[in-house]
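Dear colleague,

I am passing on the structure below, and my notes on it follow. Please read them with the model open beside you.

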Amino acid sequence: MTAVLLPTPLVPLSAHGRFWALVPCAGTGSRAVAAPPAAMVPAPGLSAGSTLGVFSASEAAAPPVAALPKQYHLVAGHPMVLHTLAAFAGVGRLLGTLVAVAPGDRFLDAHAHPAYFAVECGGPTRADTVLGGLRVLLARGAQRDDWVLVHDAARCLVTTAQIDHLIDVCAQDSVGGLLAHQLADTLKTSIDGPGGVRVASTVDRSNKWLAQTPQMFRIGPLMDALDKVGSNVTDEASAMEAMGLHPRLVPGGAQNFKVTYPDDFALAEAVLAQRGHGTTLARFGGERGQGATETGRKTIF
């Protein structure tokens with residue numbers, strides 16, 4: 001079954017250009033979040049948070065349910081993915097923002113908003129989810145020559161300005177491109193040795209970049225690349241590279257990191273606290289200055 005959260009059956013075309021956004025949101029984020037106690041896990045389709053469906057210990061006497069995927073855990077008072085979607089909501093040139101969720105995932109039903117629409121087109125890998133999302137966009141009126149900006153749901157610190165800059169730089173490019181951050185740390189390779197993992201060598205970092213998102217390519221060529229390369233590629237640029245193409249690197253920033261490990265949640269919340277997370281509040285509401293965690297603890301900024 002497909003869940004569509006826009007009030008109209010088709011996303012209207014915009015005079016600002018042919019650009020779409022696609023946010024793969026079907027993963028579980030097992031590296032980022034350990035399974036919480038059953039008493040603190042929301043039921044499927046419910047949000048986490050004191051007003052968003054968290055069960056108390058007494059209410060959780062029912063059989064335990066699966067852990068909440070990381071993109072739905074609260075960061076600065078909102079599910080992480082809403083911070084991501086708030087940044088895209090500020091990009092006026094987008095014809096629509098598709099959130100590609102897993103089959104049966106109804107979490108965003110509780111957060112319906114005209115700024116995005118959710119479709120249960122997620123697959124077992126990121127590439128499968130992106131390919132399913134691209135097919136949905138074509139079914140909703142997109143064309144193969146349109147641009148699509150694919151962005152990780154867990155890169156919740158991306159800004160509207162960064163997204164607009166990527167569009168400005170890549171809209172006239174023959175291939176497309178991606179936000180990336182030039183490596184600043186010394187890079188090592190490793191080997192297993194006495195007592196644990198040891199340094200094998202130091203790698204020249206002068207031409208090394210950390211790939212970020214959004215990654216912006218035309219829908220048709222990206223679909224062709226994913227179809228040919230298969231589902232094991234970890235990002236869209238890799239699929240385009242496998243076709244012999246060279247995507248453009250557009251400097252992003254250190255704050256556009258992907259929330260991957262437990263410590264990343266605290267760092268993301270600190271950045272949002274410094275920003276005041278006003279954009280997310282303006283787009284999706286909420287109480288300024290309070291960030292709730294899954295345990296119900298409030299953090300006052």
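Which residues does Leu 137 touch, not counting residues up to four places away in sequence? Leu 137 touches Trp 20, Leu 98, Phe 117, Ala 142, Val 148 and Ile 219, where a contact means heavy atoms within 4.5 Å.

Residues are numbered from 1 along each chain as its sequence is written, and side-chain values use heavy atoms, with hydrogens and water left out.

Leu 137 is among the residues with the most contacts inside the largest nonpolar core, which has 29 residues. Such a core is a set of buried Ala, Val, Leu, Ile, Met, Phe, Trp, Tyr and Cys residues joined through side-chain atoms within 4.5 Å; buried means under 20% relative accessible area, exposed over 50%, and partly exposed in between (1.4 Å probe, protein chains only).

As for charged pairs, the structure holds 10 salt bridges, each a side-chain nitrogen of Lys or Arg within 4 Å of a carboxyl oxygen of Asp or Glu. Asp 152 forms one with Arg 126 (2.3 Å, N to O) and another with Arg 155, where the closest N and O atoms are 2.7 Å apart. Asp 152 and Arg 126 are both buried, and Arg 155 is buried as well.

Finally, a caution: pLDDT stays under 50 over residues 1–16 and over residues 34–65. Where pLDDT is low, the predicted coordinates should not be read in detail.

Best wishes

Notes:
Predicted model: local features only at pLDDT ≥ 70, side-chain atom pairs only at ≥ 80, totals over all residues. pLDDT = per-residue confidence, 0-100.
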